[in-house]
Each structure stands twice: as C-alpha cells, then as structure tokens.
Amino acid sequence: MASSDTVSFPDNAGPRITILGGGPAGVGAAYMLSQSGKAKPVLLERAPKVGGNSGSFLHDGVHCDFGSHRLHPASDPSILAMIRGLLGDDLLTRPRHGRIRLKGSWIHFPLKPADLLMKMPKGFALSLLRDMGTKPFRKGAATPEAETFATILHKELGPAMCEGFYYPYMKKLWALPPEELAVTLARRRISGSSITKIIKKVLGQLPGIKKPQTGIFYYPRKGFGLISEALLGGAEKLGTWAALGASVTAVEHEGGKVRAVRYTAADSSEQRIATDHVWSTIPLSMLVRMAEPAAPAPVLEAADKMRYRGMILIYITLDQDQYTEYDAHYFPELNVPISRLSEPKNYSASSAPKGQTVLCAELPCDPHEELWGLTDDQLGQKLCECLVATGLPQPKLKASLTRRLSHAYPVYDRDFETHFAVLDKWVGSINGLLTFGRQGLFAHDNTHHALAMSAAAVECIDAAGTFDHARWAEHRKEFEHHVVED
C-alpha cells in the first residue's frame, strides 16, 4: 500500500461514518445524520461539486441540469418539507407543460383530455380503448419462468401502448430488446402506468372532478442541483466535513469489519481516514472493486456482469430568447436517437439572459458506440437536424457543449438480480458497510426515493453506532414498491 496521510475524523462523540458519493442520497444522509445529532459524518465526492447526475452548472448564463429533473408531488411530505425548509422561496411550484411524440403526432404530457380527443391518432386511440376492454382475456407467459418484461407489459398494458411507447422507449434507454429486460422492471413500471391509471389521471383534469397533483412539479430557481448544494451546506453548518474532488481508491476491512477509507484528494495527496461505518451511494460494482483485501473471485465476477447505460448530454446555445413554450419533449420512437429534450429556462420560468436560451438533449449512448467519438460541434449539428426532422423549429445554433456520463442508468437485464444478490450478500457480510441510493442499490428511482433511503439509513443507526439491520431489511422491502414518476 502506498504511503498515505492520516485524516482526523471531525471531533464528535458519535460513530465515525464516512459517506461515499455526493449525489442526493449521499448529501441527504449527511444532512439528516448531522441534524439528528447522532453523528457528524465525513462525505467524500469525486467531482468538484455535489449533485452527481442530479447536479447543475451555469452555462452561457443559463442554469443547466445533467438532463431533465423534477421534484415530484409524490415526494414524501417530510422530504418535501426538508427541502422547502432549506430552499425557501427558491423552490418553485411549476406547471408541467411537456409534449410526447406518438405515432408522428405531438401529444401534451401529462396527457390532457383535449389532446386525447383532438391530436392522438384515431387508430392509436381506438387501439388503446380496445386493449382496455380485452385485458381480462389477454394471456401472459405460460409459466413464471417464461415471463419477461415484454410478456408482462403486453398482458397488463396491451399491444398498442407497448409497441407504440414502452417497447421502443425502453430499447432506446437500455439498448436491449424488451424480451431481455428484467421482470421486476416491468412490474415497477406498470404499477404507476396502467392504461386505467393513465385514463384516471386524464379524467382528473376535467372540471368538477377532484384533481390529483399530476400537473405540477417543484423546481429550484437556480437548477435542480441546488437541492444537493443546499443539503450539503446545511450539513456542513451542523458539523459534517466534506471533501470535494476526492477520489476513493480503497475501502479497508479486516475481520469482517470496515476499518478505513483511502482516497486521492483534490491536491493529489493520498489520504486515509479510519472509520466505523462506510455508507456508499456510488455504483455497487465500483464499491466492491475498491475493497481491500479484494472481494472473492465470484463476487468480482458478478460485479463485472453488472451493466450501466451511458448517456451524452448535448447542450446547444441558441441566439433566441425561447425555443418553444414547452419544458420538455419526449421521443419514444426509435427513429429519433434522443430520448428527451428540455429547455432549462422554461423549467425555472427565467427570462435571463435575454435573447439567448439553452437546450439539453439526452442521447442514450455507451462509450464504445460511434456517436460517443463525435466532437461537441458535430453532435450539436446532428441534434439540430434531428429536431427539424421531427417537425420542431430550426434552432438558431450559436454553440455546442456536451457532458458524457458513462454510468447514467443501471441496466436491468434479465440476469441483473442474480448478480446483484451476490454483491449484496457480500457487502452485507462486512460489518459497517452499507449501500443505498440509485447506484448503490441498482434502483430505478427518483430523487425523492433516494432521499427516503437516506432517511431510512439514519433511522436505523443510534448515537452509539449500533445499526438495526432488521429494521433496514424492512425498509429495503419498502424500497421495492417505489413507483417511478416520469
């Protein structure tokens, strides 16, 4: 082992907890731990800013996110109250005003009754209604073993919704045919997206009918990353010590217990911090590879089989005040390479800067694919051509910028649960080692779900450092029922 300087843990009487990763789950845990008085943790984040894939940055005068992010009304009230308490008036309530391209037509998203009647292709609408009526008669897979993402969605949603939306969109996101995606992913998706539930949401917008909160979202005035930044700021005021630009190189364990974390600091110095607990929100496969001594060969083999989907975020600056009135456009069709287009100024209702706006396009893409090797300008030009081909206006292109995420989404293939179980069991065998969050639990979740995991972890530890594993197991079962909000 290379020589490392020893970092002293913050002076406090509680357990020594080191948090890996400064995304919402990590900074949320740091804030809630500090607020609880149980511990003053150390947080290590590789990037120069917190937020992870939910972070923000200022580009050409516009606060841009790493993709399209919203805080949903479905957030637990305590989570929402915590964020509102930190952000105050900077947390805006915004109307959802997006569009989805279905069968070559633009439909408002969330769906509106007028759009269903006037703009949805009549053949597609009739097919949806037919599928609703025939659901009791549709057959699923012959045996549970034969079930796939495709068979479950086909049975529950019907061929029109599957073939017109879900199948192509999922293939675009994960680069796998629906037959090769996990059964659990299908069950998580249909729990909030059945045709009946969709129709109920639409009907809830009619006059005189109680309206569910489906048409609004919450958004920070200066970008979604402000949530993570505020959580970190609050945590630091309460005693958390955070090291940004800190790249973790090893998690030391001995005798079945966590001992220390080693990392390369922002100044390139090698640091080591002794700790009682490591709470990791970084990709699970990455955590396992950091273990010292190394994890057993079968565990490392399982880590190698866990897959992540990359993404190129293409930002184009336009010489115009606004591109469209819509906050986001969704593109499920396979002939359109991007999955979503967002206009940050429309999210925050910002009028500045005058005469200029930025668009962010999400292009699912892995590092080995041809598009990954294109320059920023080439991708910006391709994006403009793509938008015009869908019927959107010609952008007044000024400049292009990209951000490339190699671990944007966990890939939920049919074997991921088998591999995850191997990693999860081994991590659970190391006393003091805990993993949670989207990347830590390979969970298809929203930001409010990640923060709920943080709250659960804090609940399970006491001021003496004793962790209630039975209670955590109960929470883990609750996490399985999180419904993803689009």
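Two strands are taken to pair if DSSP finds at least two bridges between them; strands (E, at least two residues) and helices (H or I, at least four) are DSSP runs, numbered from the N terminus. The structure is a predicted model, in which local features need pLDDT of at least 70 and side-chain atom pairs count only at pLDDT 80 or more, whereas totals for chains, interfaces and linings use all residues. Residues are numbered from 1 along each chain as its sequence is written, and side-chain values use heavy atoms, with hydrogens and water left out.

Under the pairing criterion, strand β11 (residues 247–254) and strand β12 (residues 257–264) run antiparallel and are joined by seven bridges. Within this pair, Glu252 stands opposite Ala260 of β12. Both strands belong to an open sheet of five strands with mixed pairing, in the order β1-β13-β12-β11-β15. The edges are formed by β1 (5–6) and β15 (291–292); each has a single partner strand, so one side of each is left without a neighbour in the sheet.

Glu45 is located in strand β3 (residues 42–45). Its relative accessibility is 10%, and Glu45 therefore counts as buried (under 20% relative accessible area; exposed is over 50% and partly exposed in between, with a 1.4 Å probe and protein chains only). Contacts, defined by heavy atoms within 4.5 Å, are made by Glu45 with Gly21, Gly22, Gly23, Ala243, Leu244, Gly245 and Ala246, when residues up to four places away in sequence are not counted. A polar atom of the Glu45 side chain lies 2.8 Å from the backbone nitrogen of Ala47. The C-alpha atom of Glu45 is separated by 15 Å from that of Val7, the two residues being 38 residues apart along the chain.

Helix α1 (residues 24–36) packs with α16 at an angle of about 40°, the axes being 8 Å apart; axes are lines fitted to C-alpha atoms over the stretch in contact, and angles run from 0 to 180 degrees between N-to-C directions. The residues of α1 that meet α16 are Pro24, Ala25, Gly28, Ala29, Met32, Leu33 and Ser36, and those contributed by α16 are Thr447, Ala450, Leu451, Ser454, Ala455 and Val458. By class, this contact of α1 with α16 comprises nine nonpolar, four polar and no charged residues, with Gly counted among the polar ones.

His449 is also found in helix α16 (residues 447–459). At 6% relative accessibility, His449 counts as buried. Its contacts, leaving aside neighbours within four places in sequence, are with His482, Val483 and Val484.

Terms used:
Polar contact = N/O pair within 3.5 Å; in protein donor to acceptor, adjacent residues only side chain to side chain.
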